[in-house]
Amino acid sequence: MREDLDFDGFVRERYDQLLRYAVMLTGRRWDAEEVLQEALVRCLKRWRKVPADNAVAYARKAIYHEFLRSAKRKPLVTLDEIAGQLDLEDFAGAVVAREHVLAVLQILPPRQRAAVVARFWLDLTEAQTAVELGCSVGTVKSLTSRGLAKVRETWKAGAVEHATVVTSPGRRWA
């Protein structure tokens, strides 16, 4: 076992952060937990080869790939299905805004969703996102542009009540 960063310690320290990333991709906590667990199993198998300074990025990339695998296995959830599960009167404003963001993200195809989440929630640069998603910077720009266009279209269509939602500290969307 590596002395600089043991796997159990890494998971204990970063689990919540990695779970939030998975929730942003999947839209539902129970799906996110499943994706995260599968990704962590894959990470554990190669843990000795993972550079300590790149462990979080490695885990996020594993989550992204597991998310893509799971998206192929499961049908996409429609906005109506998600909205039907919400009783908006019982939620505080911030939670409602978060649910709206998750609902809108579910409209996006998996790769666009991952690009938008990486750029605007993880606050990664285009180059960092390209490495994370295993594609070119041009592909990241295209995925992000198309994803944001779809998000804006959804906001304008009135599918979501709030026109501006905070997605990460200091950044606003739409």
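Helices (H or I, at least four residues) and strands (E, at least two) are taken here as DSSP runs, numbered from the N terminus. On that basis the protein has eight helices and two strands, and from the N terminus on its elements run α-α-α-α-α-α-α-α-β-β. The model is a predicted one, so to speak of local features takes a pLDDT of at least 70, side-chain atom pairs count only at pLDDT 80 or more, and totals for chains, interfaces and linings use all residues. Residues are numbered from 1 along each chain as its sequence is written, and side-chain values use heavy atoms, with hydrogens and water left out.

Of the 174 residues in the protein, 47% are buried, where buried means under 20% relative accessible area, exposed means over 50%, and partly exposed is what lies in between (1.4 Å probe, protein chains only).

Now to the helix pairs. Two packed helices are described by the angle between their axes and the distance between the axes. Here the axes are lines fitted to C-alpha atoms, for helices over the stretch in contact, and the angles run from 0 to 180 degrees between N-to-C directions. Angles under 35 degrees count as roughly parallel, over 145 as roughly antiparallel, 65 to 115 as roughly perpendicular, and the rest as oblique.

Helix α1 (residues 7-26) packs against helix α2 (residues 29-46), their axes coming within 9 Å and crossing at roughly 135°. That angle makes α1 oblique to α2. The crossing of these two is right-handed, a crossing being left-handed if the near helix is turned anticlockwise from the far one by less than a right angle, and right-handed if clockwise. On the α1 side, the contact is made by F7, V11, Y15, L18, L19, A22, V23 and T26, and on the α2 side by R29, D31, A32, E33, V35, L36, Q37, L40, C43 and L44. Sorted by class, that is 13 nonpolar, two polar and three charged residues. In this scheme Ala, Val, Leu, Ile, Met, Phe, Trp, Tyr, Cys and Pro count as nonpolar, Asp, Glu, Lys and Arg as charged, and the others, Gly among them, as polar.

Helix α1 also meets helix α6 (residues 110-120), with axes that come within 9 Å and cross at roughly 140°. This makes α1 oblique to α6, and α1 passes α6 in a right-handed crossing. Y21, M24, L25 and T26 of α1 contact R113, A114 and V117 of α6, a set of five nonpolar, one polar and one charged residues.

Further along, helix α7 (residues 126-133) and helix α8 (residues 137-156) pack at about 100° with their axes 8 Å apart, and are therefore roughly perpendicular to each other. The α7 residues E126, A127, T129 and A130 touch V137, V140 and K141 of α8. This contact has four nonpolar, one polar and two charged residues.

Some single residues deserve a mention. Most residues other than glycine have a negative phi, but D123, not a glycine, has a positive phi of about 60°. D123 is found in the loop between α6 and α7 and, at 45% relative accessibility, counts as partly exposed.

C43, at 1% relative accessibility, counts as buried, as does C135 at 19%. With a disulfide taken as a pair of cysteine sulfur atoms within 2.5 Å, the count comes to zero disulfides.

Conventions:
Contact = heavy atoms within 4.5 Å.
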